[in-house]
Amino acid sequence: MAIAHYDLFVIGTGNAGKHVAYDAVEAGLNVAIADNREFGGTCANRGCDPKKVLVGLTEIIERSQNLKGKGIKELPEVSWSDLMEFKKTFTGAVPFTTEEKLKDQGITLYHQSPKFLDENTLSVEGKTVTADKIVIATGNTALNLNIPGDELAQISDDFLELEALPESIIFIGAGYIGMEFAHIAARCGVDVTIVDVNGRILSNFDEDLALQLQKKSEELGIKFLFNAEAKAIEKLRKNYRLTVDHNGNSEELKAELIFNTAGRVPAVDELDLDKGNVVFSKKGVAVNAFMQSTTNPSVYACGDVSDTSNLPLTPVAHQEAYYVSKNILNGNSAEVNVPATPSAVFTIPQLASVGLTEQEAQEQGYDFIVKTASAEDWYNAKRLNETHYAYKTLIDKQSGQLLGAHLLSSEAAETINLFMMAMHSKLEVNTLKGMVFSYPSWANDIKSML
């Protein structure tokens with residue numbers, strides 16, 4: 001049997017991989033795509049989209065609790081099973097519709113993770129195939145804890161498939177995944193504990209606002225154990241036992257379920273990248289400014305699996321895929337350029353950020369002004385009886401432009417986009433303050449944050 005040859009072979013069917021595949025087909029290339037899981041990628045199947053559906057319910061719970069006695073007489077009753085059925089209306093059809101659309105475009109589909117045999121040759125589904133160009137867009141996967149009993153810990157995929165909530169959960173990791181799921185579980189009545197090796201939550205976000213979110217989380221009933229390293233997990237009759245090293249002392253915690261939310265790493269283990277002369281590290285595939293492998297010119301990588309300074313976010317993956325397509329189709333003609341990118345933690349309240357933190361601005365030598373305050377007494381917080389609303393903005397003294405913005409509010413994930421637009425457009429703060437926004441709106445509040 002003849003070896004199948006493709007102009008382009010894409011590994012990964014998330015937003016980045018699909019984007020490159022569709023662009024290549026439109027340009028007349030013969031394209032194949034492969035995935036070792038359901039087609040459609042992490043975000044649509046088991047990530048940001050289904051997670052946000054679950055968050056929607058907890059937003060109702062939070063707002064009802066805040067307004068009880070102020071128009072709300074009884075709190076809503078939660079049905080986790082109904083919520084999960086609703087979630088499935090968003091995820092259930094994703095694999096099938098993704099495959100059908102790819103087929104309709106004439107793209108050949110493979111349902112396995114390929115392995116490199118050499119720089120341009122792959123083994124997939126027991127077949128050997130070759131390709132002029134290969135794109136790696138496999139995203140991230142859960143970090144292995146590498147402790148005795150780590151196979152007993154569940155991961156974020158499992159949380160999104162829970163048929164019923166347990167009485168208690170321990171989350172190992174206080175990053176955005178652990179925090180988001182902890183808020184969902186706690187608001188649905190679960191006894192939640194979060195364990196982390198660091199001294200606080202969300203170490204990549206502004207410390208002052210993160211500490212305020214931590215305080216709100218504690219008010220919600222979430223317990224934290226910081227400076228604690230997971231050492232072992234054991235199965236008991238009903239619960240699981242987690243042994244941790246807490247400040248040099250061995251301690252034990254018990255819960256009905258334990259989730260590994262310690263972080264995510266590039267999904268490259270199944271690819272045999274060494275045989276393809278593709279250099280990689282724990283940060284991902286090493287790429288140059290064109291998103292091309294630094295060691296194999298036939299290979300490109302985009303999205304979370306690539307080793308860049310960009311944030312591991314879905315819209316960033318899409319942006320990188322745009323450049324990969326352009327450089328494959330037109331030669332390396334466009335260096336990747338990802339503008340200031342907002343990121344958000346979908347807890348309640350939400351924590352959102354764009355641009356530099358104070359520490360980063362100091363390290364980069366900026367002379368800047370910091371404006372920060374709690375804003376619980378502002379109208380938008382008071383009308384919803386919310387107790388945590390705060391901001392911090394960094395303004396460059398020389399240019400008068402924003403260096404960074406950090407928000408904590410129930411609408412922070414939306415409001416932060418206005419700061420992103422201002423930074424991307426290089427607007428001076430005085431120009432932004434002179435604009436007229438709708439009132440009363442969260443957007444109008446940004447003028448008082450500058």
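Trainee: Which residues of helix 12 are exposed on its other side?

Mentor: They are Glu414 and His424, where exposed stands for over 50% relative accessible area, buried for under 20% and partly exposed for anything in between, with a 1.4 Å probe and protein chains only. The model is a predicted one, in which local features need pLDDT of at least 70 and side-chain atom pairs count only at pLDDT 80 or more, whereas totals for chains, interfaces and linings use all residues. Residues are numbered from 1 along each chain as its sequence is written, and side-chain values use heavy atoms, with hydrogens and water left out.

Trainee: How do you know what span is expected for helix 12?

Mentor: Helices are DSSP runs of H or I with at least four residues, strands are runs of E with at least two, and both are numbered from the N terminus. The expected span is 1.5 Å times one less than the number of residues; for helix 12, which covers residues 412-424 and has 13 residues, this gives 18 Å, and the first and last C-alpha atoms are 18 Å apart, close to that expectation.

Trainee: Which residues of helix 12 are buried, and why do they line one face of the helix?

Mentor: The buried ones are Ala412, Ala413, Thr415, Ile416, Phe419, Met420, Ala422 and Met423. Seen down the axis of helix 12, they fall within an arc of 160°, so they line one face, the arc being that of the directions from the helix axis to the C-beta atoms. These buried residues pack against strand 20, strand 21 (350-355), strand 23 (390-396), strand 24 (402-409) and helix 13 (429-433).

Trainee: Why does serine 343 count as buried?

Mentor: Serine 343 has a relative accessibility of 15%, and therefore counts as buried. This serine lies in strand 20, residues 343-345, and, leaving aside neighbours within four places in sequence, is in contact (heavy atoms within 4.5 Å) with Phe205, Leu311, Leu313, Leu351, Ala352 and Ser353.

Trainee: Is leucine 202 buried or exposed, and is asparagine 277 buried or partly exposed?

Mentor: Leucine 202 has a relative accessible area of 3% and is therefore buried, whereas asparagine 277, at 34%, is partly exposed. Leucine 202 sits in the loop between strand 9 (191-195) and helix 8 (207-219), with phi near 45°, a positive value in a residue other than glycine. Asparagine 277 belongs to the loop between strand 15 (264-266) and strand 16 (280-281), and its phi is near 55°.

Trainee: What makes strand 8 mostly covered?

Mentor: Five of the five residues in strand 8 (168-172) are buried, with Ser168, Ile170 and Ile172 on one side and Ile169 and Phe171 on the other, and both faces are thus covered.

Trainee: In what sense do strand 8 and strand 9 pair?

Mentor: Two strands pair if DSSP finds at least two bridges between them; strand 8 and strand 9 have five bridges and pair in the parallel sense, with isoleucine 169 bridging to valine 192 of strand 9. Strand 8 is also joined by four bridges to strand 14 (residues 257-260), which runs parallel to it, and there isoleucine 170 has isoleucine 258 as its bridge partner.

Trainee: Which helix makes a β-α-β unit with strand 8 and strand 9, and of which hand?

Mentor: Helix 7, residues 176-187, makes a right-handed unit with these two strands. A crossover is right-handed if, with the strands pointing away from the viewer, the path from the first strand over the helix to the second runs clockwise.
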